[in-house]
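Have a look, then let's go through some questions.

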Amino acid sequence: MTIKQALLWADRKLRGTEDPKKSAYFLLKNVIFEDESFILAYPEFLLSKRQELKFRRWILKRQKHLPVWYIAGFIDFYGLTLKVNKNVLIPRPETEVLVEMILSDLCCLSPYPELSKNCHSGLDPESIDCEKRLYKGILKQVQNDGISYFLHSRTGSELGGAGLVLADIGTGSGAIGLSLAKKLPEAKVYAIDISAKAINLAKKNSKINNIQNVVFKKGNLLDPLKEKANIIVANLPYIPTNDLNGLAFDIIHHEPRLALDGGKDGLDIYRQFFIQVTSKIKSGGKIYLEIGENQGEKIRDLALDVFPNANVLLKKDWAGLDRYVVLEM
Ligand SMILES: C[S@@+](CC[C@H](N)C(=O)[O-])C[C@H]1O[C@@H](n2cnc3c(N)ncnc32)[C@H](O)[C@@H]1O
């Protein structure tokens, strides 16, 4: 079977699935370990028998709507390669924005803004108004705590994060916590999930990506966190139970319900989170949450109930929807 024949066969099999062409290219790339330009340039390339069998097997799984990342077994997230399987949510690009937001806030706090330029990808330091935000937030917290830590590693231009404690609640594959830990190698990052299978996978992902500054804990929300954190981030289940059946077939039939179902109005888990979080965040710390597009105002109310003096910011995604909440203590 040639590349051209493989794609024609896949095209027929995947009719009725979402993005059939994209799926076929993605799976083929990962069967022959070549990139898309190779596929386009060499339609007559002959797959080995083994590659052909694997491709057919994968396409038949995709025909049953199994997401391509579960089939291939991995996804790229914020520069990391993460193993994924049916026990964890497939990390979404929107969540990369949350990671970027946290790192860009920390970059702004650097006493050496000129070094911030290379601290992570895609950020134009000019565009984030570092001057105004410099010495706010976390830095205030450093003064309050009387501790001194360096957001910059003393050895290079990467952010170091020494002295910082971060916690990723509902870590799943480890996407958020591991991305932060990689960029802040001197910080201590807790990655917590109620699912033992998710924690096991997140641990594997830390090994694959050579990340050593993460403490993994299985448990309910912030229960396992035994010290206060400077930054708490959470992407917890927020979909109202009655809306689950309206999700795309691929999601509702293959991604774990434990990662999606937020109860009657979608906010059951965030309600519990807010009860617990008051005793787990350092004064002057920050909380970053990913939420559903219509939940901003309700989450703001929940936040102000427990932190009446906090600055609560709703932030938008690329589509202009309120998808993130930032609480500055
Ligand atoms: C929406 S997924 C997010 C996964 C990952 N953080 C990401 O962004 O890709 C929510 C995660 O929260 C976990 N979870 C659900 N209820 C929880 C609870 N009560 N305590 C801790 N984790 C919980 C689920 O197992 C799931 O891994």
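Q: How many bridges join S8 to strand S9, and which way do the two run?
A: Keep in mind that this is a predicted model. Strand S9 covers residues 322-328, and S8 and S9 run antiparallel.

Q: Which strands are the edge strands of the open sheet?
A: The sheet has seven strands with mixed pairing, in the order S5-S4-S3-S6-S7-S9-S8. An edge strand here pairs on one side only. Read off the two ends of that order and you get strand S5 (214-218) and strand S8 (311-316).

Q: What is the average twist from one strand to the next?
A: We're still on the open sheet of seven strands. Going from one strand to the next, the twist averages 15°.

Q: Where does a nitrogen atom of the ligand lie 2.7 Å from a polar backbone atom?
A: The ligand is surrounded by 17 residues, with Gly170, Asp193, Asn220, Leu221 and Asn235 the closest. At Thr171, a ligand nitrogen is 3.4 Å from a polar backbone atom. The 2.7 Å distance belongs to Gly170.

Q: How much of the ligand's exposed area does the protein bury?
A: The shell divides into nine nonpolar, seven polar and one charged residue. From Asn235, a polar side-chain atom sits 2.9 Å from a ligand oxygen. Taken alone the ligand exposes 600 Å², and the share buried by the protein is 97%.

Key: Residues are numbered from 1 along each chain as its sequence is written. This is a predicted model: local features need pLDDT of at least 70, side-chain atom pairs count only at pLDDT 80 or more; totals for chains, interfaces and linings use all residues. Side-chain values use heavy atoms; hydrogens and water are left out. A residue is near a molecule or strand if one of its heavy atoms lies within 4 Å of it. A polar contact is a pair of N or O atoms within 3.5 Å; within protein, one must be able to donate a hydrogen and the other to accept it, and residues adjacent in sequence count only if both atoms are side-chain atoms. Accessible areas come from the Shrake-Rupley method with a 1.4 Å probe; for residues, only the protein chains shown count as cover. Ala, Val, Leu, Ile, Met, Phe, Trp, Tyr, Cys and Pro count as nonpolar, Asp, Glu, Lys and Arg as charged, and the others, Gly among them, as polar. Two strands pair if DSSP finds at least two bridges between them. Helices (H or I, at least four residues) and strands (E, at least two) are DSSP runs, numbered from the N terminus. Axes are lines fitted to C-alpha atoms, for helices over the stretch in contact, and angles run from 0 to 180 degrees between N-to-C directions.
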